[in-house]
Amino acid sequence: DFTYVENITIANIKAARSKGVAGKVFNIACGKRYTLLEILDKIGLFLGKKVVPKFLPPRGGDVRHTLADITLSKKFLEFEPTIDFDEGLKKTIRWFEKTNPVPVSNARGAR
């Protein structure tokens, strides 16, 4: 599960202000599963480019499936993601375009 950094910041502020949560562990995420190929397709769509994946053999420790359970975050922190996955990905792409000398749309692998 992936989330935008602003969701994490909001959750940390909520945790700092919440009573009775010290020492508890919370998952902070969008609460939806995305495959890496789906993410790659979205990046290509948002860049207006076809991004061709390069498949390599699996590495030890690679996680094949992930979906964070944010039930406790909702219950104890009243957390709900405010930035959905697509919006967060678009913001991330814009940030890279602003801060990198090589435009993301011209990066190696984007076609």
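**View 1. The largest pocket of the predicted model has a volume of about 810 Å³.** The structure shown here and in the views that follow is a predicted model. The lining of this pocket is made up of 19 residues, and Leu36, Leu37, Asp62, Val63 and Arg64 are those that lie nearest its centre. By residue class, the lining of the largest pocket comprises eleven nonpolar, three polar and five charged residues.

**View 2. Histidine 65 is placed in the loop that runs between helix H2 (36–47) and H3.** With a relative accessibility of 59%, histidine 65 counts as exposed, because the limit for that class is over 50%. Computed along the chain in residues, histidine 65 and threonine 3 are 62 apart in sequence, while the C-alpha to C-alpha separation in space is 15 Å.

**View 3. Serine 73 belongs to helix H3, which spans residues 71–77.** Its relative accessibility is 1%, and serine 73 therefore counts as buried, since buried means under 20%. When the neighbours within four places in sequence are left aside, the residues in contact with serine 73 are Phe26, Asn27, Ile28, Glu78 and Phe79.

**View 4. Glutamate 78 lies in the loop between H3 and helix H4 (85–99).** This residue, one of the contacts of serine 73, has a relative accessibility of 62% and so counts as exposed. The backbone of glutamate 78 has a positive phi of about 55°, although the residue is not a glycine. For most residues other than glycine, phi is negative.

**View 5. Tryptophan 95 and phenylalanine 96 form an edge-to-face aromatic pair.** The structure holds four aromatic pairs, and in the one formed by tryptophan 95 and phenylalanine 96 the rings are 5.0 Å apart, centre to centre, with 85° between the planes. This pair counts as edge-to-face because its angle between the planes is over 60 degrees. Phenylalanine 96 has a relative accessible area of 35% and is partly exposed.

**View 6. Phe2, Tyr34 and Phe85 are joined into a cluster by ring pairs.** The linking of Phe2, Tyr34 and Phe85 rests on aromatic ring pairs, of which the structure as a whole holds four.

**View 7. The charged end of lysine 24 sits over the ring of phenylalanine 76.** The distance from this charged end of lysine 24 to the centre of the phenylalanine 76 ring is 5.2 Å.

Notes. Residues numbered from 1 in each chain as written. Predicted model: local features only at pLDDT ≥ 70, side-chain atom pairs only at ≥ 80, totals over all residues. Heavy atoms only, no water. Phe/Tyr/Trp six-rings, centres within 6.5 Å; stacked < 30°, edge-to-face > 60°. Buried < 20%, exposed > 50% of the residue type's maximum accessible area, 1.4 Å probe, protein only. Lys NZ or Arg CZ within 6 Å of the ring centre and 35° of its normal. 1 Å grid on protein atoms, 1.4 Å probe; cavity = no way out; pocket = protein on both sides within 12 Å on 5 of 7 lines; lining within 4 Å. Points joined across faces, edges and corners; volume = space filled by probe spheres on them. Nonpolar A, V, L, I, M, F, W, Y, C, P; charged D, E, K, R; others polar. Helix = DSSP H or I, 4+ residues; strand = E, 2+ residues; numbered from the N terminus. Contact = heavy atoms within 4.5 Å.
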